[in-house]
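Subject: Structure for you to look at

Hello,

Here is the structure I said I would pass on. Please open it beside this message and follow along.

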Amino acid sequence: MSAHNVVFGFGAHSSIDDISDLLRMAEQADQDGLDIFTLSDHPYIGQRLDAYAALGFILGRTQHIAGFANVTNLPTRPAPMLARTVTSLSALSGGRIVLGMGAGGLWDRIADMGVPRLTPGDAVDAFEEAIVLVKLLSGGGPPVTYQGRHYQVNRIEPAPVAAPPVWTGSVGPKSLAATGRVADGWIPGHAADWLSERYRASRPIVDEAAASVGRDPSEIRTIFNFPGRITDQPLPATRDDDGRWLGGSVGQWVEELTGAVLEHGASGFTLFSADQGAQDLTILARWAQEIAPAVREAIAK
């Protein structure tokens with residue numbers, strides 16, 4: 001998508017009350033050359049837009065930017081139907097879709113929707129099966145029969161469309177290992193960045209699992225979700241006492257993100273803002289027009 005395949009994106013608000021801001025942000029990001037926009041997927045919250053309905057609508061109003069549910073609430077979206085959804089969106093948009101996958105977090109609310117509750121271990125098993133099945137039901141070929149513990153399909157014809165990249169929000173060791181075996185990217189949880197203990201402890205699990213099945217660990221992206229201020233003047237400190245990124249001037253952002261790519265293997269950044277409306281648009285513009293191009297130029301040297 002961009003220099004050295006480093007992806008720059010933004011996390012958008014998905015409340016029904018924020019629709020006008022969401023559409024303006026997506027269209028601005030598309031014009032400014034960002035690679036991806038993301039929406040959360042919480043179908044048990046009535047004030048939230050359905051993530052996949054919103055993705056499809058926004059992709060129809062844009063030309064270049066890709067869309068991504070960050071991450072898909074898998075228990076409420078069975079894998080065979082999810083495969084049809086993402087391959088259809090890929091076909092309609094010219095490949096501008098990424099499949100974000102999660103095993104399911106808020107199980108009390110998920111169960112409130114009538115979905116059978118799974119144990120944490122079973123939820124991760126279903127998550128890994130789902131990724132495998134989505135890929136089997138993409139890219140054409142003969143009808144697929146799959147008999148897993150959680151998913152069974154019988155002679156289902158794959159879509160003649162390649163599977164989109166699959167990025168996960170894995171947190172626990174078992175889920176991280178599944179990411180290494182079958183996914184294409186990993187998003188560290190809890191807004192952990194490239195200097196965090198969570199990243200340092202978790203990424204080796206992904207890499208070891210990938211190598212155990214003959215995959216090249218470097219092919220699995222690490223895409224970071226994180227907040228941060230963009231200030232007119234440099235900040236005296238860009239991290240808090242716990243080491244979490246606070247933000248800073250454009251120059252401080254560029255230095256930090258360039259180092260994240262060249263020294264820590266980062267392959268994507270998704271900026272989230274706590275603000276809304278005009279302030280959000282201002283932050284988005286600076287992220288897209290000033291920071292992302294400068295980082296792309298720095299890492300291309």
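Phenylalanine 269 has a relative accessible area of 0% in this predicted model, and because anything under 20% counts as buried, phenylalanine 269 is buried. Tryptophan 194 is buried as well, at 2% relative accessibility.

These two residues belong together. The structure holds 13 aromatic pairs. In one of them, the ring centres of tryptophan 194 and phenylalanine 269 are 5.6 Å apart and the planes stand at 85°, so the pair is edge-to-face; the angle needed for that is over 60 degrees. The pair links distant parts of the chain, 75 residues apart: tryptophan 194 sits in the loop between strand E9 and helix H7, and phenylalanine 269 in strand E13.

A second pair is formed by phenylalanine 226 and tryptophan 287, with centres 6.3 Å apart and planes at 80°, so this pair is also edge-to-face. Phenylalanine 226 is in strand E10 and tryptophan 287 in helix H9, so parts 61 residues apart in sequence are tied together. Phenylalanine 226 is buried at 3% relative accessibility, and tryptophan 287 is buried at 0%.

H8 has 15 residues, 250–264, and at 1.5 Å a residue should span 21 Å; the end C-alpha atoms are 20 Å apart, which agrees. Just after H8, glycine 265 takes a positive phi of about 75°.

Regards

Conventions
Residues numbered from 1 in each chain as written. Predicted model: local features only at pLDDT ≥ 70, side-chain atom pairs only at ≥ 80, totals over all residues. Heavy atoms only, no water. Helix = DSSP H or I, 4+ residues; strand = E, 2+ residues; numbered from the N terminus. Expected span 1.5 Å × (residues − 1). Phe/Tyr/Trp six-rings, centres within 6.5 Å; stacked < 30°, edge-to-face > 60°. Buried < 20%, exposed > 50% of the residue type's maximum accessible area, 1.4 Å probe, protein only.
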